Amino acid sequence: MPSLFRTAATAPLLSCVTLLLSLLVPAAEAAAPVSPVQDARQLVVVTADGWDAPQGRLQAFVRGKHGWQPRGAAFDVALGRNGSAWGLGLHPARQAGPQKHEGDGRSPAGIFHIGEAFGYAPQIPSALDYRPMQHSSYCMDVPESPLYNRIVDADQVGAEAVAGSTEPMRLDLHNNGDGRYRQGFVIEHNPRAIPGQGSCIFAHLWRTPGEATAGCTAMPPEHMQALLAWLRADAQPLFVLLPRAEYQRLQQAWALPVLAGAAP
């Protein structure tokens, strides 16, 4: 009799608990972290030896039915002269480690959309959106400007609007034939253009092999051409840059590809 009493008395309580759990489980599932690369089918991954390393190694990956697979061979790239620092992109904010800001000479670390391609030629063989640069094209690196972190045409916005910019996009015409921006693509760091958090981050050609940059990622022409011919806007390509230790620590949580030589 006592056991039957306990069963009958606790039945409503168990029903309430079951109902509560059924309501909480979907909420917990909805709150589960989402991988920043879940929708991408192409990744350009750069890893460096540490936060202060001005060089890195680039490996492209494509997602197929068996997950991420390397695309082509890895190659050396140049990074910011002072290394890298956490940027503003698709990844969760990170507090441990240097933080990117304007003029720090560091490449932004994290996960970022790959934006439009650009260059000196009227058109190039690429499935990315492409914008040919003109003598009047500038990227605005002036934090106080309402055009901060945007590529604009002085013929359209006015000469006063681009005053103070140190980023003419036709370097060949403004800097004695400089070919670094002859081909490249935009790395969408700081997409909300928060003043002072860093601007005008590109992948572009290097002037001399291994020469460090002001915060971009630089490489030889043959590798840039291969990337531009391969990248597709409809594959939602992303750019990933991390010190190798950070990459290995975050690889599983962020669903990143396993690097060659690293334990899966």
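I began with the term nonpolar core, which I take as a set of buried Ala, Val, Leu, Ile, Met, Phe, Trp, Tyr and Cys residues joined through side-chain atoms within 4.5 Å, where buried means under 20% relative accessible area, exposed over 50% and partly exposed in between, with a 1.4 Å probe and protein chains only. I note that the model is predicted, that local features need pLDDT of at least 70 and side-chain atom pairs pLDDT 80 or more, while totals for chains, interfaces and linings use all residues. Residues are numbered from 1 along each chain as its sequence is written, and side-chain values use heavy atoms, with hydrogens and water left out.

**Cores**

I looked up the largest nonpolar core and found 45 residues in it, those with the most contacts inside it being L43, F185, L227 and F239. A second, separate core has 12 residues, including Y120, I151, M169 and Y181. For F185 I then listed the contacts (heavy atoms within 4.5 Å), leaving aside neighbours within four places in sequence, and among them are I114, F118, L128, F202, M224, L227 and F239.

**Whole protein**

I recorded 5 helices and 13 strands, these being DSSP runs numbered from the N terminus, with helices as H or I of at least four residues and strands as E of at least two. Of the 264 residues, 45% count as buried. Among contacts between residues at least 6 apart in sequence, 62% join residues at least 24 apart.

**Pockets**

I took a pocket to be an open set of points on a 1 Å grid over the protein atoms alone, where a 1.4 Å probe fits, with protein on both sides within 12 Å along at least five of seven lines; lining residues have an atom within 4 Å of a point. The largest pocket holds about 470 Å³ of space, a volume being the space filled by probe spheres set on the points. Its lining has 29 residues, of which E167, Y181, A214, G215 and C216 are closest to the centre. This lining divides into 10 nonpolar, 10 polar and 9 charged residues, where Ala, Val, Leu, Ile, Met, Phe, Trp, Tyr, Cys and Pro count as nonpolar, Asp, Glu, Lys and Arg as charged, and the others, Gly among them, as polar.

The second largest pocket holds about 270 Å³, and of its 18 lining residues N149, R150, I151, V186 and E188 lie nearest the centre.

**Single residues**

I checked S84, which is in strand β4 (residues 84-86), and it counts as buried because its relative accessibility is 0%. Apart from neighbours within four places in sequence, S84 is in contact with G50, W51, P98, R106, S107, A109, L241 and P243.

The C-alpha atoms of P70 and V44, 26 residues apart along the chain, are separated by 9.9 Å.

I looked at phi next, since most residues other than glycine have a negative value. A193, in the loop between β10 and β11 (202-205), has a positive phi near 55 degrees, and A193 is partly exposed with a relative accessible area of 24%. A255, in the segment after α5 (244-250), also has a positive phi, of about 55 degrees, and counts as partly exposed at 36% relative accessibility.
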